[in-house]
Amino acid sequence: MPLVRAYCDFYEVSPADEDLVAVSHALIADPDREGIQLIARDDAGTAVGFATVYWSWDTLSAARVGIMHDLFVQPETRGTGVADQLIAACLDECRQHGAARLGWQTAHDNARAQRVYERVGATREEWVDYWLSVRP
C-alpha cells in the first residue's frame with residue numbers, strides 16, 4: 001500500500017485506500033482475465049517498485065495486449081535498473097498470457113520516465129487520450 005499511495009501522490013490523486021486494495025484483490029483473484037501486479041524488492045526484501053498490467057484486446061492488431069497502467073519506483077531507488085526489470089517482467093507476463101504487445105502511457109512532462117522507455121526500446125505513439133466519467 002505505501003508504494004501505491006506514493007504513486008498516487010506523484011500524480012496528485014487520492015483514491016481511498018480501500019479502493020486501491022480492491023484493485024489489488026481483483027488482480028490477485030483473477031490474474032488470467034484481469035491482470036497482474038508485480039512488486040520489485042531490494043536485497044533486504046523491501047518493496048521498492050511496482051507495475052500493474054491489465055489485459056485488453058486491440059482490434060487494429062486483432063490480438064490480446066497488455067496495458068502497463070502503472071509503473072512506479074521509489075525515488076531513492078530510481079536509476080538502479082528497477083524500472084527496466086519491472087518492464088522486462090511485464091513483457092514476460094505478456095508472453096505467458098498470449099499478449100502480442102505491451103503498451104503504456106506517461107505524463108507529457110515525465111522526461112525521466114520517457115528516457116527509461118526509450119532506453120528499453122519502446123516506440124512513442126502520438127495519440128490523444130480522452131476519458132468520460134461513468135459516475136454521475
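Contact, for today, means heavy atoms within 4.5 Å. With that settled, hi everyone. What we have here is a predicted model, where local features need pLDDT of at least 70 and side-chain atom pairs count only at pLDDT 80 or more, while totals for chains, interfaces and linings use all residues. Residues are numbered from 1 along each chain as its sequence is written, and side-chain values use heavy atoms, with hydrogens and water left out.

Let me start with Phe50, which sits in strand β2. When I say helix or strand, I mean DSSP runs numbered from the N terminus: H or I with at least four residues for helices, E with at least two for strands. Is Phe50 buried or exposed? At 3% relative accessibility, Phe50 counts as buried; the cut-offs are under 20% relative accessible area for buried, over 50% for exposed, and partly exposed in between, with a 1.4 Å probe and protein chains only. And what does Phe50 touch? Setting aside neighbours within four places in sequence, Phe50 is in contact with Leu3, Val4, Tyr7, Gln37, Leu38, Ile39, Asp70, Leu71, Phe72 and Leu86. One more distance on this residue: Phe50 and Gln74 are 24 residues apart along the chain, and their C-alpha atoms are separated by 9.2 Å.

Walk along from β1. Seven bridges tie β1 to β2 (residues 47-58), and the two run antiparallel.

Tyr54 has Ile67 as its bridge partner in β3. This hairpin has four residues between the strands, and Ala62 takes a positive phi near 50° there.

A word on that. Most residues other than glycine have a negative phi. Ala62 has its positive phi although it is not a glycine, and with a relative accessible area of 68% it is exposed. Where else do we see this? Glu12 is not a glycine either, and has a positive phi of about 55°. Glu12 is in the loop between α1 (2-10) and α2, and it counts as exposed at 72% relative accessibility.

The axes of α3 (residues 82-96) and α4 (residues 111-119) come within 10 Å and cross at roughly 55°. That makes α3 oblique to α4, given that under 35 degrees counts as roughly parallel, over 145 as roughly antiparallel, 65 to 115 as roughly perpendicular and the rest as oblique. On the α3 side we have Ala83, Asp84 and Ile87, meeting Val116, Tyr117 and Arg119 in α4.

Val120 counts as partly exposed, at 35% relative accessibility. Leaving out residues up to four places away in sequence, Val120 touches Asp84 and Ile87. Val120 and Ala88 are 32 residues apart in sequence, and 8.8 Å apart C-alpha to C-alpha.

Last stop, His97, in the loop between α3 and β4. His97 is buried, with a relative accessible area of 17%. Which residues does His97 touch? Not counting those up to four places away in sequence, the answer is Pro31, Asp32, Trp55 and Arg64. That's my tour, thanks.

Methods
Axes are lines fitted to C-alpha atoms, for helices over the stretch in contact, and angles run from 0 to 180 degrees between N-to-C directions. Two strands pair if DSSP finds at least two bridges between them.
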